[in-house]
Amino acid sequence: MDDHDGLDSRTWLLWGAAASVPLITGRHPVLLAELLLIVLAVRSVCTPPERRAGWGWLVRLGALAVPIGVLFNMFTVHAGDTRLFRVSDDLPLFGGTVTLNAAVYGLLSGLTVVALVAIGTTVAALIDWSALMRLVPPRAASIAVAGSVAWAFLPQLSTSWREIREAQTARGHRWRGARDAIPLIVPLMAGGLDRSVTMAEALEARGFGGTAPAGRRSAWPPAALGAALTMAVVGIYLFAVGRSLGAAGAILVAGVVALVGVRGGGPTAGIRSTRYRETVWTRADWLVCGGALTALVATVVTLQLQPEALRYEPYPSLDWPVTSPLLVLLLALLMVPAVVAPTGPAGRHT
Amino acid sequence: MIRQLERDGASSSLASLVDVTYRYPDATVPSIDHCSWEIGAGEMLLVAGASGSGKSTLLRTLNGLVPHFSGGRFGGSVVVCGDSTRANGPNRMSRHVGFVFQDPEAQVLGSRVDEDIAFSLEQRGVPRTAMRKRVEELLDLLAIAPLRHRDPRTLSGGERQRVAIAGALALHPQLLVLDEPTSQLDPWGAEDVLASLSRLNEDLGLTIVIAEHRMERLLHRVDAVRWVEPGGARGVDLAPRDFARTVEPIVLPAVSRLGVGFGWQPVPLTVKEARRHAARVSLPSSRPIRRSAPGGVVMRTRGIGMRHGSRWILRGVDLDLRQGELVALIGRNGSGKTTLLRTLLGHHPLGEGAVEIMGLVPGTKDPAGIGRSVGYLPQQPTAMLFAERVRDEILYTARQRGVEVDPDVMLAMVGLDGLGDRHPRDLSGGEQERLALAIMLTGKPCALLLDEPTRGMDAWRKDQLIRILDDYRRDGGAVLMATHDVELIAGSADRVVMLGDGEVIADGPPEHVLGGSLTFTTQTQLVFGDEWLTPGQVLDAVRSRATTSPATWLETSAGDDVRCSDRE
């Protein structure tokens, strides 16, 4: 019996959200370093060997994202009190004083990109997409079809990319400029779409979404889902501009509306799907979710009460960041998966 | 004369197509043109025909994917188990029709084999107890119970396709439709799948409709063949032996081609049947072997090795490829064929040993430099097409390789005259493959590496490919071709290199490497012995002996009509 012993996929999604929110909110160097260390630790301890992608690509991403972030910021943002040198004003956009402040902000931006990608790929390696898809109610079948098509599109892109690159290299293709991307990008997109269509056909042919009787579908669930999506976007906007309580309210409303939309019962409901294996919510899931929720709440509360503890601004002067020890401590709860679920992918089942 | 299959009156109709006409969106001609078809309960039917003749479209009408999923204009009616596909889409038709697609990878819906099989049952709300029972039955039926906890993505192609069949059967459909299910499998994987299908048909009475090009393992298993005419998907159902008598021999298995050539009655469909007839044929003890004299060495490897972690993927590979030579690279899936080709091109770092291609060392220069000397056709050659016009694809390659060519001459070489202004993605699958070959031949590279070039190809396209490669070799080109297609190798290769677990385990002429093998042997070898690789060789030998001493070469029974077929 080789059942997986990892956490439920929903637990990993919550963990990923809790780890991402402080990074999306601001570029605080202490929190960035802490979260980067946490995600690397969880990644190395929790990802099963067959899904480990190694560290080389992450190092390469860092080697690309950090210099780009630093250089772009240095030469486009001419603010800050720690001056390094000056570029002639004759150069449009780049001309002006180059400051250490801008370089630091660029460095933090580059590292934030690396940390967010590390969180995303870690969650992607640990969740069980098919288990998640099974949790989608019949009313949201079309959304799940779209999601599964997108999911099928993504992992095969890297394989296709390698094959296309090798085939084009055999034609003598070389990188000399942006135009040389066309022979790679066009076949990549066309092939990916072909495969996604096949996946969608397979889903349809195997009865995905149950069999709600034709002609009895109500128009309001899609409208409710649309409204929920709108509220979610509003919530993200409010969060981004620092209105965290308003954001929390909007996202709560979005969740309730979406739930009502997809769960709406009555005569228009389709066949209720069953599960081959029941997912088991374990003590480890409770612990990880508890840690993630605590970290999430701490982030939202800190954003409301002490935003400078999340948002670091090296402008106009390069000061040591204001740090909230309590927030640092509570974010450390995101390390719980490494302690309670040291191996195995998602989906503990009976 | 073509005689339509006369069905047993007892066999009731399970599905019927009445005057079906279908045209894809934006298409100018219909893919199915006034097609009527009755499928009897319990039958196993083969749908055959050239690529692009409309086989897949015809199959997709049976569960409503056409037109519900594909759109387009649909006329006529398709009724399966009393339900019309006009009123019921593929989702609802899945109660009656299980559908298995060509690509085993593209239809995996679960993270474990048993979950994947249960997918449709979950969607239908089947109670868990009943669901578990049905999954157990299907695991046993398809002989995949030991794989139940595995991730389907880690299975071999044949195993994955059997999982897909189990998944398609989960709702107990009366009709199972399979669209070229073995086209991407090695011979052993294909045999596993087809044996499972025979068992389902014979033991459980499941009605099966299967579209396939590779008939050597299938023709004797089916009740009838529907030959689909290009451009219309009309055609008639024929009993397999009638089909073998009436169709162009090129599409038949080697034993049936021998039967047609010798006029054996009934036309054999299996090696066993052919052996009975062959006992009366007297052949020379040895065959004159005409092999082209190879030229200088184009590519040389010495002791190359590559490892992934602690496992050797390639080890101690010595290989010479000479001008004018076609070398076939064979071996099970995972034996290292593709890795060897990619290593030769410098896409894999070399662990040990040395490779030299016309004085260039892959990996030390940019791979594009090797690409100008060596053409490489990957498993999906059409993936490289990106330009707006067919002609531009050739011109782009010429620019990259620093040569000047006339695109029309290159296109004529592969039979694509007059198509230079078309969009590459508007070409048919076969035309796209020939375009990919023309691209790779642009600038006359000294060697051509081909990775499974005949996967999913019909017989005519294979024949065309070999003709193009013959022309290329006559001009001094060398070909290294990784393939599972033993019959193709027998008819075209000068030398065969067999890989096993990353090592060369045999290297020599086809009759030596393929001969005596339990798995890599042609049907002709199984009938006439290791020396005789193809029906053409046997028939040629008979023909030449006939001109010298007609009384001795063949002991025919009365009524046997000997036709040393020109169709070979």
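Helices (H or I, at least four residues) and strands (E, at least two) are taken here as DSSP runs, numbered from the N terminus. On that count, chain B holds 21 helices and 19 strands. The model is a predicted one, with local features needing pLDDT of at least 70 and side-chain atom pairs counting only at pLDDT 80 or more, while totals for chains, interfaces and linings use all residues. Residues are numbered from 1 along each chain as its sequence is written, and chains are lettered from A and ligands numbered from 1 in the order in which they are written.

What about the overall form of chain B? Its C-alpha trace spans about 70 × 60 × 50 Å along the principal axes.

Now for where the chains meet. The contact (C-beta atoms, placed from the backbone, within 7 Å) takes 47 residues from chain A and 54 residues from chain B. On the side of chain A that touches chain B, helix 5 (129-134), helix 6 (141-170) and helix 7 (182-205) each supply at least two residues. Helix 7 of chain A gives the most, with 14 residues.

As for confidence, pLDDT (the predictor's confidence in each residue, from 0 to 100) averages 81 in chain A, and 80% of its residues reach 70 or more.

Terms used:
Contact = placed C-beta atoms within 7 Å.
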